[in-house]
Amino acid sequence: MSTGKLVTALSLSFKRLGKYGEFFTTHRTLFTASFKPRSTFQSRTCPLPHYYPHLLKRHLFTMKIDTEDFKSVFTDELIQLKTIFEKYNYEIRFAGGPVRDLLMNIKPHDLDFATTATPQQMKDMFNSENIRMINLTGEKHGTITVRINEKENFEITTLRIDVINHGRHAVVEFTQDWELDANRRDLTVNSMFLGFDGTVYDYCGGWDDLQERRVAFVGDAQTRIQEDYLRILRYFRFCARISPDPNVHEPDTEEAIRENIEGLSRISGERIWLELKQILCNRHAGTLLETMLRLGIGPHIGLGDKPNMEEFRLVLERARSNNIQLQPISLLASLLDSEEAAVALHERLKYPNFDKELSFFIVHYRDLLPEPLKPLRPYQMIVIDTKQKMKDAILRGAELLRYQGQLELANEFEKWVPPRFPVGGADLKSEGVPTGKAMNMVIQRLRSKWKESDFQISHKDLVQLIPNVMEDLGLKVQK
């Protein structure tokens with residue numbers, strides 16, 4: 001059927017569709033253009049409904065913003081970037097996150113851009129303008145990063161369509177159609193563009209959803225998730241940021257997540273941890289994590305089939321009552337029953353060494369109790385005996401106390417300066433202590449006496465104890 005006949009047939013059918021039928025009738029030219037193949041790869045790679053899933057559901061919504069936050073992002077470097085694109089007649093817009101943040105009256109920390117220029121066109125343009133390009137690894141996916149005036153980096157991505165989806169690195173084809181690019185994004189609130197003149201371009205209902213504090217996938221949730229299973233965690237991360245009630249999730253969305261949760265097993269631990277720790281830093285962390293566990297996420301992120309929900313709820317309630325926020329890894333550690341489980345979690349998520357040691361520390365010492373007369377003594381002894389950095393040991397001890405609900409003790413512990421053991425190898429040699437294993441035995445015996453005295457025994461008194469210690473250990477003076 002020819003394009004003209006198809007449009008005529010559709011216009012007759014759409015009279016039954018109320019306002020969308022009226023929209024079609026008044027925008028016949030737009031629909032005619034939309035249904036024409038825009039390039040060889042579009043008509044070749046996929047049937048029409050795949051590329052235009054929302055044309056019959058929504059239409060372009062625009063509005064203008066002129067806020068102080070918006071004005072504040074225009075540094076000299078950004079204005080220079082804008083001028084370059086204008087000079088070469090390529091369109092560039094803010095994309096995704098910064099648009100969402102500005103519409104929420106939040107000044108964006110990171111600026112992402114989309115453009116009609118291809119990567120090669122951008123490279124030619126920037127080379128002509130003597131603009132330095134960095135990190136060219138993203139070029140095959142359409143991203144060019146430039147550094148202007150050696151002050152500011154800008155990441156610009158060509159409008160694209162995912163032809164083959166297999167997670168993070170999809171096979172893409174470039175386009176000049178802003179709506180097609182919007183349709184491939186994960187969430188409606190992340191699918192909007194913003195012109196440098198303050199015009200918001202919304203193809204997927206992101207503005208309405210943002211007004212309602214609704215987090216929704218673009219189009220079909222199953223499809224969006226299967227394109228990249230990490231979008232499950234991104235959904236919950238944005239629920240934490242946007243949704244007023246973390247308990248409310250649309251049934252279709254929950255079902256799509258439940259049916260595809262196993263796909264997270266195919267995602268690298270580093271990527272999962274990057275998303276998960278942002279969820280766990282939010283005030284809704286507990287509620288959202290319980291929802292995620294109810295939907296079956298545990299085995300696929302290293303938490304097993306039966307995480308310790310009782311301990312998790314207890315720790316979370318203590319933190320809330322004390323109005324404190326625990327480290328993300330501390331909350332995860334509360335779900336673990338053993339040090340073996342802590343090892344398994346780290347092997348799956350590959351988080352940094354400090355987080356690994358903190359998780360092991362909490363699981364091993366969480367049943368430790370303050371002493372009645374000297375409550376910090378048990379925690380101080382752990383620090384004194386540590387073979388790791390003293391500073392890190394104090395941070396772990398303070399976090400353990402917060403985990404246990406001992407907020408005042410945690411604050412006091414962070415201020416504690418661990419004393420240095422006053423006796424060294426030179427002191428032992430001068431008293432005739434043999435080197436090697438014997439010297440280590442004497443040192444350990446002296447350290448025990450020093451700790452028993454609450455670090456009060458002086459250097460002089462410890463040295464005077466050396467002969468008695470050697471006699472007790474059956475060691476002879478070395479001359």
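1. Start with Glu399 and Arg402. Their side chains meet in a salt bridge, with N to O at 3.3 Å. A salt bridge here is a side-chain nitrogen of Lys or Arg within 4 Å of a carboxyl oxygen of Asp or Glu. Both residues lie in helix H22 (residues 390-403), 3 residues apart, which is about one turn of the helix. Helices (H or I, at least four residues) and strands (E, at least two) are DSSP runs, numbered from the N terminus. Glu399 is buried at 3% relative accessibility, and Arg402 is buried at 16%. Buried means under 20% relative accessible area, exposed over 50%, and partly exposed in between (1.4 Å probe, protein chains only).

2. A word on the source. This is a predicted model: local features need pLDDT of at least 70, side-chain atom pairs count only at pLDDT 80 or more, and totals for chains, interfaces and linings use all residues. Residues are numbered from 1 along each chain as its sequence is written, and side-chain values use heavy atoms, with hydrogens and water left out.

3. Check confidence before reading further. pLDDT is the predictor's confidence in each residue, from 0 to 100. The protein averages 87, and 86% of the residues score at least 70. Residues 1-57 stay under 50. For that stretch the model has 58 contacts beyond four places in sequence, a contact being heavy atoms within 4.5 Å.

4. How many salt bridges does the rule give? The count comes to 32. Side chains of opposite charge can pair when their charged atoms come close. Arg184 is buried, at 13% relative accessible area. Asp181 is buried too, at 1%.

5. Now Arg294 and Glu254. They form a salt bridge, and the closest N and O atoms are 3.0 Å apart. Arg294 lies in helix H16 (residues 285-294) and Glu254 in helix H14 (residues 251-260), so the pair ties together parts that are 40 residues apart in sequence. Glu254 counts as buried, with 14% relative accessibility.

6. There is also a network. Salt bridges link Asp186, Arg234, Arg237 and Glu275.

7. Look next at helix H13 (residues 231-242). It has 12 residues and reaches 16 Å from its first C-alpha to its last, close to the 16 Å expected at 1.5 Å a residue. The expected span is 1.5 Å times one less than the number of residues. Is H13 mostly covered or mostly open? H13 is mostly covered, with 10 of its 12 residues buried. Among them are Arg231, Tyr235, Arg237 and Cys239. The cover over the buried residues includes helix H8 (97-103), helix H11 (206-211), helix H12 (221-227), H14, helix H15 (269-280) and H16.

8. Two backbone angles deserve a look. Most residues other than glycine have a negative phi. Asn130, not a glycine, has a positive phi of about 55 degrees. Asn130 sits in the loop between helix H9 (119-128) and strand S4 (132-134), and is exposed at 71% relative accessible area. Asp454 has a positive phi near 60 degrees. Asp454 lies in the loop between helix H25 (437-452) and helix H26 (459-473). Buried or exposed? Asp454 is buried, at 18%.
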